[in-house]
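Here are my notes on the model you asked me to look over. They are set out as numbered points.

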Amino acid sequence: MFSKLFLFTKAALRTGFALPRKAFLFAITAFSFVTAYCGKAAIFSLRALFFKAAESLRAAPAFAQTAAHKAFPVFMAAARFTKRLAFPSKKRLLRLSLICALLFAFGFFAVRADGVRDRVFPADVALVLGAKVYVDNVCSKRLQARLQRAVELYRQGMCKVIIVSGGVEKNGIDEAKAMRMYLLKQNIPDAAIVVDPSGANTRASAVFTAEYMRENKLTKALAVTQFFHITRSRLALQQEGVPTVGSAHARYFSKLDFRSTCREVAGLPAYFFRFR
């Protein structure tokens, strides 16, 4: 039961990153209900085991009566404890909800504070994470802001190479290719641009960057993306073995940032425990 619950949790966290817009919120809600049901089922199984063991000890042979007498209260106490978990009171549910809300709020403001505080220093590479690209290879405003920040860093001498990492969208548009074209129009030398067409997600981008840096004996990297994406990007690079990781957030904000920040808070545990 517990192994199935673990696998379900892992799959749910993975699915959350692939779902768009309102479907993600629906998935989180459904996940909460299913997890609660599975948790209650596991508690019922554990409680039944305790009761069965307690009754067995009570009916033990004469030579085991002493041990049974001592062990029975322990089993019954455990059974009562699991019963309280299976049927929590309204006050307990309210406290739990309040704690979860406070933890989420803390995570929300922590992600925002971490994202807007840049950690810029002379680095070997600047990794620009991909975003939406429209028809005719036109980068979205969010992606343009990321690329423009990378251009600023390059011109300031804060990086020697710019890695543009993105995936190929369903309509066949190559994000990394469009990002390279944008940088060339900004007079960035082609030799200073490294294209990663396999960066379908943050983990893939971090893996490519770490491998490139190891092959070229580089140690310092800057993650360039939106503020809400900074924490997860830096974490992924550190987990893949990049020794020194800094960050610079794109100076573009929209009304979708709130939803994106909530998504990051919900998804950070998956990256921390390497579910993704």
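This is a predicted model: local features need pLDDT of at least 70, side-chain atom pairs count only at pLDDT 80 or more; totals for chains, interfaces and linings use all residues.

1. Residues are numbered from 1 along each chain as its sequence is written, and side-chain values use heavy atoms, with hydrogens and water left out.

2. The protein has 9 helices and 7 strands, taken as DSSP runs (H or I of at least four residues for helices, E of at least two for strands) and numbered from the N terminus. Of its 276 residues, 40% are buried, where buried means under 20% relative accessible area, exposed over 50% and partly exposed in between, with a 1.4 Å probe and protein chains only. Among contacts (heavy atoms within 4.5 Å) between residues at least 6 apart in sequence, 75% join residues at least 24 apart.

3. The largest nonpolar core holds 25 residues, and those with the most contacts inside it include Val128, Leu147, Val164 and Leu183; such a core is a set of buried Ala, Val, Leu, Ile, Met, Phe, Trp, Tyr and Cys residues joined through side-chain atoms within 4.5 Å. At least two residues come from each of β1 (125-129), α5 (141-155), β4 (161-165), α6 (175-185) and β6 (220-225), with α5 giving the most, 5 residues. Leaving aside neighbours within four places in sequence, Val164 is in contact with Val128, Leu147 and Leu183, among others.

4. A second, separate core of 23 residues includes Tyr212, Met213, Ala236 and Tyr271. Helix α8 (residues 227-239) has 11 of its 13 residues buried, so this helix is largely enclosed by the rest of the structure; among the buried ones are His229, Arg232, Arg234 and Ala236. Gly241, which follows α8, has a positive phi, near 100°.

5. The structure contains 0 disulfides, a disulfide being a pair of cysteine sulfur atoms within 2.5 Å. Cys139 is buried at 5% relative accessible area, and Cys159 is also buried, at 4%.

6. Arg251 lies in the loop between β7 (244-249) and α9 (257-272) and is exposed, with a relative accessible area of 53%. Not counting residues up to four places away in sequence, Arg251 touches Arg149 and Glu152. Its side chain makes a polar contact with that of Glu152 at 2.9 Å, the term meaning a pair of N or O atoms within 3.5 Å where, within protein, one must be able to donate a hydrogen and the other to accept it, and residues adjacent in sequence count only if both atoms are side-chain atoms.
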